[in-house]
Amino acid sequence: MEKKVEKYDVVIIGGGAAGLTAGIYCGRARLKTLLIEKSLVGGLATYTNEIENYPGFPEGATGLGLMELFHKQAKKFGVTFKLTDVKSVNLEGETKIVETFRTTYEAKAVIVASGGKPRLTGAKGEDGFLYDKGISFCATCDAAANTGKTVLVVGSGDAAIEEGMFLTKFADKVIVSVLHDTGKMDCNEIAKAQAMSNPKMEFIWNTVVHEFAGEERLNAVILKNLKTEELIPVKVDSCFLFIGYLPNTDIFKGMLDMNRGGYLITNEKMETNIEGVFAAGDVRDKFLKQVATAVGDGAIAGYSVEKYIAESETFHSQIMRSDMPGMVYVWNAVDPKCRELLPLIEKYEAALVGKVRVTRVDVYKSAGIATRLGVTQVPCIVTIKDGKIDRVITDNICDEEIAAAVE
Ligand SMILES: Cc1cc2nc3c(=O)[nH]c(=O)nc-3n(C[C@H](O)[C@H](O)[C@H](O)COP(=O)(O)OP(=O)(O)OC[C@H]3O[C@@H](n4cnc5c(N)ncnc54)[C@H](O)[C@@H]3O)c2cc1C
């Protein structure tokens, strides 16, 4: 069966908080925007009952309710939604290719907002108690619901121990299941010392989860001692798993730069190592993974895409035209050396009308165009002939040099 081909300005992969926010920004900027989500629009946040730390909702909001609002707003700005799995991508080159089972999508830009998933233990009973039924992955989110209760934390890395200590502000008892011998943990020494002196924390060493048990909700975790094989039932109200997080980045391996954990590396504009490809939300290598930060990332990625596409269009339709030679003055308005040259540039703008197309590119506003021209230093003059870069002048920009370059 021949695949359908559809063209968009931007394709967003993932419909969580980050992807939906990017969609709102792209749609509002009148870009033809497609968002592809493989399971539930709203992403991970829809799994949590109560979101109390997202600004603007003093009474709190349900994850589902909040994400429905994001979804509604993205639809209002004309974003097209497809519920399907992105199987592969080809991101090199000007046209980005995003493949699903039935359709090939072509786009000028792609935003990766595919989030991640918490690593599970694989123990018996786990699937039945995930999220609102007692197994949680987010102390920031679910600590308040455990006020006065007993919780089990699985893991001993920085996240496990720091989140465990946070939980002691709410829970009466925080029991920690640690894989290692007594006194050995994966977290930093300061966290370890603080945790071990915290009267609300208890440790069960050399253990892994053997089984999760309960009726409607989790009420016990059966641990197994790795040395003695002894099974240790622990009565709990909730269990928090902090044994790692897996980003949804398999399809980008070998293409996009990642850290050791597989999270995508971006700069502050959410740009990845490939031009025209941006990443936002939990899929990024970043400090705090929450709805509020996913929203910030999505906004930046959407804005960056808008600028990227506008700059691409200017670059191709105005600067690299082959019907007339061109001269580009790449400058920075706040740089005195650049400003000093303006009268000379204005002289050429007037003299070359109808013969050479003169364009000014301010690196502050249009850094992407300067990058495409290969300019790293300003002031700079670039001349274009037959749609290609002819000369680049950075040193000694003067009347004679410009006259020689545009003759
Ligand atoms: C139980 C729980 C409770 C939480 N509570 C809170 C809270 O109270 N407050 C708070 O601020 N944060 C909370 N968080 C964290 C918050 O949910 C995340 O930080 C946020 O959802 C990140 O949004 P995102 O868009 O980056 O990723 P996600 O929400 O993970 O969305 C990514 C989306 O991409 C989709 N996707 C992945 N791969 C593909 C593919 N190949 N093709 C198509 N679609 C794909 C996924 O299906 C998913 O829907 C909680 C997290 C959990 C797990």
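Start at the ligand: of the 38 residues around it, G14, G16, G43, G115 and G281 come nearest, where a residue is near a molecule if its C-beta atom, placed from the backbone, lies within 6 Å of it. The model is predicted: local features need pLDDT of at least 70, side-chain atom pairs count only at pLDDT 80 or more, and totals for chains, interfaces and linings use all residues. Residue numbers run from 1 along each chain as its sequence is written.

**Ligand shell**

Colour the shell by class to find 18 nonpolar, 15 polar and 5 charged residues. Ala, Val, Leu, Ile, Met, Phe, Trp, Tyr, Cys and Pro count as nonpolar, Asp, Glu, Lys and Arg as charged, and the others, Gly among them, as polar. Next select α1 (17–28), β2 (33–37) and α6 (291–319), each of which supplies at least two shell residues. Helices (H or I, at least four residues) and strands (E, at least two) are DSSP runs, numbered from the N terminus.

In the loop between α1 and β2, select R30. R30 is a residue other than glycine with a positive phi, near 65°. Most residues other than glycine have a negative phi.

**Domains and the whole chain**

Zoom out and colour domain 1 (4–116 + 246–314), domain 2 (120–241) and domain 3 (320–406); these bounds come from an automatic or database domain assignment. Domain 1 and domain 2 each give at least three residues to the ligand shell. The centres of domain 1 and domain 3, taken over C-alpha atoms, are separated by 36 Å.

The protein chain has 10 helices and 21 strands in total. Its radius of gyration is 27 Å, well over the 22 Å that the globule rule gives for 407 residues, so the chain is more spread out than a compact globule. That radius is taken over C-alpha atoms, and the globule rule is 2.2 Å times the number of residues to the power 0.38. Along the principal axes, the C-alpha trace spans about 90 × 50 × 40 Å.

**The five-stranded sheet**

Select β8, β15, β9, β10 and β11: in that order they form an open sheet of 5 strands with parallel pairing. Two strands pair if DSSP finds at least two bridges between them. β8 (135–136) and β11 (201–204) stand at the edges with a single partner strand each, so one side of each has no neighbour in the sheet. β8 runs parallel to β15 (residues 238–241), joined by 2 bridges, and S136 has F240 in β15 as its bridge partner.

**The three-stranded sheet**

Now select the open sheet of 3 strands, β12-β13-β14, with antiparallel pairing. Its edge strands, β12 (207–214) and β14 (231–235), each pair on one side only. β12 and β13 (residues 218–225) pair over 7 bridges, with V209 opposite L223 in β13.

In the loop between α9 (367–373) and β20, select P379. The peptide bond from V378 to P379 is cis, with omega near -5°. Finish at β20 (residues 380–385) and β21 (residues 388–393), which run antiparallel and are joined by 5 bridges. T383 has R391 in β21 as its bridge partner. Between the two strands of this hairpin are 2 residues, and D386 takes a positive phi near 50°.
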